[in-house]
Amino acid sequence: MKQESTLKYTLRLAVTLLLITSVVAAVLAGVNFVTAPIIAQLKAEKLQKAIEAVLPGGGTEIGFTDETGLVSKVYAGEAGYAVEVNPNGFGGAVTMMVGIDKSGSLLGVSIVSQSETAGLGAVSAANTSAGESFRSQFAGKTDSVAVAKDGGEIDAITGATITSRAVCTGVNAALDCIARMG
């Protein structure tokens with residue numbers, strides 16, 4: 001049996017690995033090409049639902065000023081404003097939509113996305129009685145909000161004070177942004 005030289009053996013392995021990774025990369029690119037528009041459409045629909053959940057009739061994006069760095073977009077509608085904010089919770093950014101009427105009163109809070117601990121901070125976004133009860137506490141508020149542990153009126157989610165504080169921070173940033181807009 002003839003032995004292959006080390007150089008030929010290494011070259012054969014490298015070419016084989018190159019071919020395998022090229023095929024896998026091409027397949028992944030194809031999957032991304034097919035799914036990217038679908039994912040973008042689903043995100044847009046989710047965002048629109050979040051806007052309509054806190055601002056009846058929806059709204060259109062407008063310009064704004066924000067000193068906190070938490071506000072990413074503001075939408076104006078007939079009923080008021082929907083403000084997209086991104087405070088940091090325990091597991092990362094909590095993207096949420098805050099509805100504020102023209103008199104400065106909170107209409108509601110909708111969590112668009114979060115990466116909080118399941119069963120604890122994730123309850124803030126859940127469509128359960130606990131999640132809805134937590135979010136409904138914000139409706140009608142006109143001033144700065146805080147959790148009860150910090151001297152406020154908002155009852156924190158059990159075991160998820162950091163997430164509850166993050167939601168309060170986002171609501172306060174939205175209220176501040178709209179107040180500056182007049």
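This is a guided tour of the structure above, stop by stop.

The model is predicted: local features need pLDDT of at least 70, side-chain atom pairs count only at pLDDT 80 or more, and totals for chains, interfaces and linings use all residues. Residues are numbered from 1 along each chain as its sequence is written, and side-chain values use heavy atoms, with hydrogens and water left out.

**Stop 1: the largest pocket**

Select Ala53, Val109, Ser110, Ile111 and Arg135. Of the 17 residues that line the largest pocket, these five are the closest to its centre. A pocket here is found on a 1 Å grid over the protein atoms alone, as an open set of points where a 1.4 Å probe fits, with protein on both sides within 12 Å along at least five of seven lines; lining residues have an atom within 4 Å of a point. The largest pocket holds about 320 Å³ of space. That volume is the space filled by probe spheres set on the points, with grid points joined across faces, edges and corners.

Next, colour the elements α1 (6–54), β5 (106–113) and α2 (129–136), each of which supplies at least two residues of the lining. Helices (H or I, at least four residues) and strands (E, at least two) are DSSP runs, numbered from the N terminus. Which element gives the largest share of the lining? It is β5, with six residues.

By residue type, the lining divides into nine nonpolar, four polar and four charged residues. In this scheme Ala, Val, Leu, Ile, Met, Phe, Trp, Tyr, Cys and Pro count as nonpolar, Asp, Glu, Lys and Arg as charged, and the others, Gly among them, as polar.

**Stop 2**

Select Leu11, Val15 and Leu19, which make a nonpolar surface patch of about 290 Å². Patches are made of residues with over 30% relative accessible area and no salt bridge; like charges are joined within 9 Å, and nonpolar side chains (Val, Leu, Ile, Met, Phe, Trp, Tyr) within 5 Å. Accessible areas come from the Shrake-Rupley method with a 1.4 Å probe, and for residues only the protein chains shown count as cover.

Val15 lies in helix α1. Is Val15 buried, exposed or partly exposed? Val15 counts as partly exposed, at 42% relative accessibility. The terms are set as follows: buried means under 20% relative accessible area, exposed over 50%, and partly exposed in between (1.4 Å probe, protein chains only).

Leu17 is also found in helix α1, and Leu17 is exposed, with a relative accessible area of 53%. Draw a distance from Leu17 to Asp176: they are 159 residues apart in sequence and 56 Å apart in space, C-alpha to C-alpha.

**Stop 3: the salt bridges**

How many salt bridges are there? The count comes to four, where a salt bridge is a side-chain nitrogen of Lys or Arg within 4 Å of a carboxyl oxygen of Asp or Glu.

Select Lys141 and Glu153, whose side chains meet in a salt bridge (2.8 Å, N to O). Both residues lie in the loop between α2 and α3, so the pair ties together parts that are twelve residues apart in sequence. Lys141 is partly exposed, with a relative accessible area of 21%, while Glu153 is exposed, at 60%.

Move to Arg165 and Asp150, whose side chains also form a salt bridge (2.8 Å, N to O). This pair links distant parts of the chain, with Arg165 in helix α3 and Asp150 in the loop between α2 and α3, 15 residues apart. Arg165 is partly exposed at 35%, and Asp150 is partly exposed at 43%.

Then select Arg180 and Asp176, whose closest N and O atoms are 2.7 Å apart in a salt bridge. Both lie in helix α3, four residues apart, about one turn of the helix.

**Stop 4: two loop residues**

Select Ile157, in the loop between α2 and α3 (161–181). Ile157 counts as buried, at 10% relative accessibility. The C-alpha atoms of Ile157 and Val123 are separated by 7.5 Å, although the two are 34 residues apart along the chain.

Finish at Leu55, in the loop between α1 and β1 (60–62). Leu55 counts as buried, at 0% relative accessibility. From Leu55 to Ala118 the separation is 28 Å, C-alpha to C-alpha, and 63 residues in sequence.
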